[in-house]
Amino acid sequence: MPRRERNKFVKRGEFIEILIEDYAFGGKGIGRIRNEEGEFVIFVPNTLPGQLVKAQVKKTSKRYAECKLEEVLQSSEEEVAVPFQAIPGAPYIKLPIDLQHKYKKESTLQLFKRIGKVADIEAKFDEFIASPVVYHYRNKMEYGFSAIRYDHELRTDVDEFALGFKKRGTWWCAENLDNDSGLFDKQVEDNLKVIREFCEVSGLAPWHAPKREGFFRFLVVRKSYESNQLLFNLVTTSYDLPKFDMDGFVALFKTIFGNRLAGILHSINDEVGDRTLATAGTSKLVYGKEKIVENLLGLNFEISMKSFFQTNPKSAEKLYSKVVDYVLEKQETVDGKVVMDLFCGTGTIGQIVASRSNNAQIVGVDIVASAIEDAKENAKRNGIEGVSFYAADVGKFLLEHPEYTNKIETIILDPARAGIAPKTLRKVIKLGAQRMVYVSCNPATQARDTEQLIEAGYELKKISMVDQFPHTAHIETIALFEK
């Protein structure tokens, strides 16, 4: 068997310095090595045109290499100074927002040309919707404790108590967050060092990822923009719990946040997996209440620590308004007809459609039973009629509910980041809807699904983009398909 020809430009594992020249979808900067052998493409995530970066080669092929960003050696001329602490979750915070929009729009349209095979995608482009709030827009943040801290001055990791975010590209060490990152709540982030000091003085150990041991694991915060209240969840192991001064911890939070403090939960996670909620762990309320209320487009939604809810609620209002515009664009396909809200979660979109249409019958379907329970409660609280929610698998839905056969005129699709599995999409197509409004937080999978929908007789009529996550590579898309 002949050996695969190796490239003559870079080797796996080596460190290179490269000037970033272009931007590809998903926040991948593109650099190029040119020599007598020709031209070779280098992809480096979380980088921008104009930056000189140091990167490590992770994967190579004959024509290109995928690299991991080590550090930015020289900023782009387009970047500006900002008063925030740099964090891995906001790689583009120094890039003016209009340029962020430009890169996102151009790279997403290219994606639909290349993967979705939509040659005239520019003609179908409807609108780019900016986030109304550019900074401090998030309503949830997870901070991790670590026994290993990355020291930027020494450029190495040290054995020290840390609370903040993982250093990019590592699983074992964290960087302290000492000041406002510009993404979440300024008061919380400016006081994170005070919370860290309290925990460190307790003498109890933060989580040591390589050893899989320690007491402090995560501090999770949810915020309501409606009430400006904060809900905290301290996640620890059960080991050494009797030694922890929970009363002192609660008193500290009451002192810092006063009336903004809605509640504090304490969750036990003894599993070695790196996630905030353990499958077998316990959670109990130690102060205040365990839910906060958020308002979207005049509807109230009760949110617990476990609830899925849009991370940028002000931008989510813009997103939902656009979805509703597409759904209600042709009233005759909605009024008095069945609209299926698939992957409906807590039923937000379906309830908004129901509140704005004449006699539409909204059917919300999600396989997660707890989300459906939340959806029913939210609909009751908001006095929304004409909505029915079912915990069901899409493939079996019509078998279990034959009363909806041949009656579904419009389908709203809002799948998770992985998109819709091809087998599931075939089942969705079999439902026979005239129109589909497809919301995606991952345009790459939506572009893939677009090709399958076109083959099944649907036409992409229009597409909009919503910037839900400023300063990141993420963009959400809303596409309208009609038979």
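This is a predicted model: local features need pLDDT of at least 70, side-chain atom pairs count only at pLDDT 80 or more; totals for chains, interfaces and linings use all residues.
Close-up 1. You'll find His471 in the loop that links strand 21 (459-466) to strand 22 (476-482). Its backbone is worth a look too: phi of His471 is near 75 degrees, a positive value, and the residue is not a glycine. Most residues other than glycine have a negative phi.

**Close-up 2. Asn228, a partly exposed residue with a positive phi.** Here's another loop residue: Asn228 sits between strand 10 (216-223) and strand 11 (230-236). Asn228 isn't a glycine, yet its phi is positive, at about 65 degrees. Is Asn228 buried, partly exposed or exposed? With a relative accessibility of 36%, Asn228 counts as partly exposed.

**Close-up 3. Asp180 and its surroundings.** Asp180 belongs to the loop running between strand 9 (174-176) and helix 3 (186-190). This aspartate is buried, its relative accessible area being 5%. What does Asp180 touch, once neighbours within four places in sequence are set aside? Its contacts are Phe84, Gln85, His136, Lys186, Glu189 and Asp190. For a sense of scale, take Asn191: Asp180 is 11 residues from Asn191 in sequence, and their C-alpha atoms are 8.9 Å apart in space.

**Close-up 4. Helix 4 against helix 5.** Helix 4 (residues 192-201) packs on helix 5 (residues 246-257) at an angle of about 165 degrees, and their axes are 11 Å apart. That angle is over 145 degrees, so helix 4 is roughly antiparallel to helix 5. The crossing of the pair is right-handed. On the helix 4 side, the contact is made by Val194, Ile195, Phe198 and Cys199, and helix 5 brings Gly248, Phe249, Leu252, Phe253 and Ile256. Sort the residues of this helix 4 and helix 5 contact by class and you get eight nonpolar, one polar and no charged.

**Close-up 5. Helix 6 against helix 7.** The axes of helix 6 (residues 313-327) and helix 7 (residues 348-356) come within 10 Å and cross at roughly 55 degrees, so the two helices are oblique to each other. Their crossing is right-handed. From helix 6, Tyr320, Val323, Val324 and Val327 meet Thr348, Ile349, Ile352, Val353 and Arg356 of helix 7. Seven nonpolar residues, one polar and one charged make up the contact of helix 6 with helix 7.

**Close-up 6. The largest nonpolar core.** Which of its 42 residues touch the most other members? Those are Val323, Val327 and Val353. Helix 6 gives the most to this core, namely seven residues. Leaving out residues up to four places away in sequence, Val353 touches Val324, Val327, Leu328, Ile362 and Ile412. Apart from this core lies another, of 37 residues, including Phe184, Leu192, Phe232 and Ile256.

**Close-up 7. Helix 10 against helix 11.** With axes 11 Å apart, helix 10 (residues 422-430) and helix 11 (residues 443-455) pack at an angle of about 40 degrees, which makes helix 10 oblique to helix 11. Helix 10 passes helix 11 in a right-handed crossing. Pro422, Leu425, Arg426 and Ile429 of helix 10 make the contact with Asp449, Gln452 and Leu453 of helix 11. By class, the residues of this helix 10 and helix 11 contact are four nonpolar, one polar and two charged.

Definitions and conventions. Residues are numbered from 1 along each chain as its sequence is written. Side-chain values use heavy atoms; hydrogens and water are left out. Axes are lines fitted to C-alpha atoms, for helices over the stretch in contact, and angles run from 0 to 180 degrees between N-to-C directions. Helices (H or I, at least four residues) and strands (E, at least two) are DSSP runs, numbered from the N terminus. Angles under 35 degrees count as roughly parallel, over 145 as roughly antiparallel, 65 to 115 as roughly perpendicular and the rest as oblique. A crossing is left-handed if the near helix is turned anticlockwise from the far one by less than a right angle, and right-handed if clockwise. Contact means heavy atoms within 4.5 Å. Ala, Val, Leu, Ile, Met, Phe, Trp, Tyr, Cys and Pro count as nonpolar, Asp, Glu, Lys and Arg as charged, and the others, Gly among them, as polar. A nonpolar core is a set of buried Ala, Val, Leu, Ile, Met, Phe, Trp, Tyr and Cys residues joined through side-chain atoms within 4.5 Å. Buried means under 20% relative accessible area, exposed over 50%, partly exposed in between (1.4 Å probe, protein chains only).
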